Amino acid sequence: MGIEDVGIEYVSTRGIAPALGFADTLLTGLATDGGLYCPADVPELNLDGLGPESSYADIALAVMWPYVEGSIDKQTFTTMVEETYSVFHHPDIVPLVDLGDGLHLLDLSQGPTLAFKDVALQLVGRLLDYELTSRGERVTVLAATSGDTGSAAIEALKNRKNVNLVVLHPHGRVSDVQRRQMTTVVAPNIRNVALDGNFDDCQDLVKAAFADPSLRSEFGLAAVNSINWARVMAQIVYYVSSSLRLTGGTSPVSFAVPTGNFGNVLAGWYAKRMGNPTGQLIVASNRNDILTRFFATGSLTAQNVAPSLSPSMDIQVSSNFERLLWEASGRQGEAVSKVLSDFRTEGEVALEADWVGFIRAEFASGRADDEETLAEMERTHSEYGLLIDPHTAVGLKVAREQRDDSGNPMVVLSTASPAKFPDAVKQATGIHPELPPFLAELHSRIERVERSAADLESVVTQMRALNQS
Ligand SMILES: *Cc1c(COP(=O)(O)O)cnc(C)c1O
C-alpha cells in the first residue's frame, strides 16, 4: 500500500528518505536515510461521545484512527484494538492508583510481561501480522532490548507465521526475571542473543543492520523498537485516557515519566500536540542522566553507561530524542543529521539556543540515583503500603521534586511491576514480591539463549541461523 488520499504522511527526521503511509512506516522501521519516521501532520484529538467512563479500547480507537486511516479498514482496526486490550489482566487495562495530594500512579504493567512495553507491542504485533498477511510477505524483526522490550516483543510475535524475531540483550545486564521471560519462551520463530556489550551497543547494531541495504533486502528487516512510530502512537492513548478519567479532559494533567529511550515521554508530548490538556511533562532519569544534563546545559554529552537498579533506563543515546530535535529545529532534516553525527564523532554537541529554548519550554527533568531510588521504594511502601518497581520509583522521586505549584493532578507512569525486579524491591523493603500466577513457573523453565560478540557479522550469523532452522 502506498500513501492513500485519506491517510497521514510520515516523513523522516533526516529529510531525505521518501514520505510513506502508515503501513509502510510500520514495516520500514528506521528510514533509509537513518532517520525516524514522524507524522507530517499531527491530528486534533476528537473525543466526541467519550468521557471518564469510556472503555480503554474506545479511547484507543479515537486517538489512533487518524494515524492509521487509509492503511486498514475501520472494522478490522476496531476488532484488533479490542483483541489487543483483552489480553490485559485488569478491567481498566491501565488502572490509576490515587496516592492522595493530587498524586497518581498510572499502572502500565498489567500486560503479559509486566511492563509498559506490552501496551504498544501487543497492538504492533497484530498490526504487523495483518499487514504482512495481506501482502504475502515475511520479515525478520531485529530488536535491541535493555530488558523489557525483548520479552514484550516475544509475547507479541511468538508463533506468528510471517515473522522471525531476533532479540539482542546485553549479556549480564538484565534482571533474572527479565532474562527468563525472554529465554524460556519456546517458539520456532524466536532467537535470543546475549551480546557482549551494553544496551547502546545492541541498539547501534540494530541501526547498523538497517543501514545496510543488502541486509534489508536479504531479511526484509523490520523493527519493533520505539524507532517504530506505531509504538509511540499506541502510547499516546494512555495519556489521553488518564486526562479523561481525572478531569474529563477539561483541565491540565501533569505527567512524570521514567525515561530511557525517550519513547514513552515523547508519546505524552504528541498527546499534548493533539490537544490533550497537559501541564508538566517531566523526564525522569536514573544515574545515566544525559537528558537531565542536557536540560541543565543545552549540550548532549556522552558518558559511559553505568549499570543501575533500573536497567531499562541504562541508556545514554535516547533514540526518540531525535524526533523531538527534529521538531525543535523547525523540521530541518539536514541540521538534525549534522547534530547527531557530531555527537557520534565528538561525544558532545551543543545545540542551538532556540532548539534548547523550545525543548525547555516543553519538558522539565530530574534524576534519581540508586540510593534515592531505594529510599523512594521504601517510602512508598511505608506510607501507602504499596510495592513499586525501581523505574517507577525514579519517576515518583523526580515528580515530587519537580512538581510545580499549579495544583494540576500529577500522574507518575508506573512502567513495570515490582515482581519484575524482586532483588531491588527486597533490598528496599525487605519484601520479596511474588510473580503473578501466570508466570509462577518462570524459574523452573528451560532457558535457550545464544551468546554473541558485539559486531554486525556475528549478529547476522544469528539471523541466518534462525531463517534456516
Ligand atoms: C523501557 C522502559 C523504560 C524507558 O522507556 P522509554 O520509552 O525507553 O523512555 C522505563 N521503565 C521501564 C520499566 C521500561 O521497560
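Student: How far is an oxygen atom of the ligand from an N or O atom in the side chain of Asp-148?

Tutor: A polar contact is read from the distance between two N or O atoms, with a cut-off of 3.5 Å. In this predicted model, an N or O atom in the Asp-148 side chain and a ligand oxygen are 2.4 Å apart.

Student: Which backbone atoms lie by an oxygen atom of the ligand?

Tutor: A polar backbone atom of Gly-260 is 2.8 Å from a ligand oxygen. For Asn-261, a backbone N or O atom lies 2.7 Å from an oxygen of the ligand. The protein covers 97% of the 380 Å² of accessible area that the ligand has on its own.

Student: Where does the ligand sit among the cavities?

Tutor: The ligand takes up the space of the largest cavity.

Student: Which residues come nearest to the ligand, and how is the shell made up?

Tutor: There are 15 residues around the ligand, and the nearest are Lys-117, Asp-148, Gly-260, Asn-261 and Thr-415. By class, the shell has eight polar, five nonpolar and two charged residues.

Student: Are Cys-38 and Cys-202 buried or exposed?

Tutor: Buried means under 20% relative accessible area. Cys-38 has 0%, so Cys-38 counts as buried. Cys-202 is also at 0% and therefore buried.

Student: How many disulfides does a search of the whole structure find?

Tutor: The search finds zero disulfides.

Key: Residues numbered from 1 in each chain as written. Predicted model: local features only at pLDDT ≥ 70, side-chain atom pairs only at ≥ 80, totals over all residues. Heavy atoms only, no water. Near = heavy atom within 4 Å. Polar contact = N/O pair within 3.5 Å; in protein donor to acceptor, adjacent residues only side chain to side chain. Areas by Shrake-Rupley, 256 points an atom, 1.4 Å probe, with all protein chains shown as cover. 1 Å grid on protein atoms, 1.4 Å probe; cavity = no way out; pocket = protein on both sides within 12 Å on 5 of 7 lines; lining within 4 Å. Sits in = over half its atoms within 2 Å of the grid points. Nonpolar A, V, L, I, M, F, W, Y, C, P; charged D, E, K, R; others polar. Disulfide = S-S within 2.5 Å. Buried < 20%, exposed > 50% of the residue type's maximum accessible area, 1.4 Å probe, protein only.
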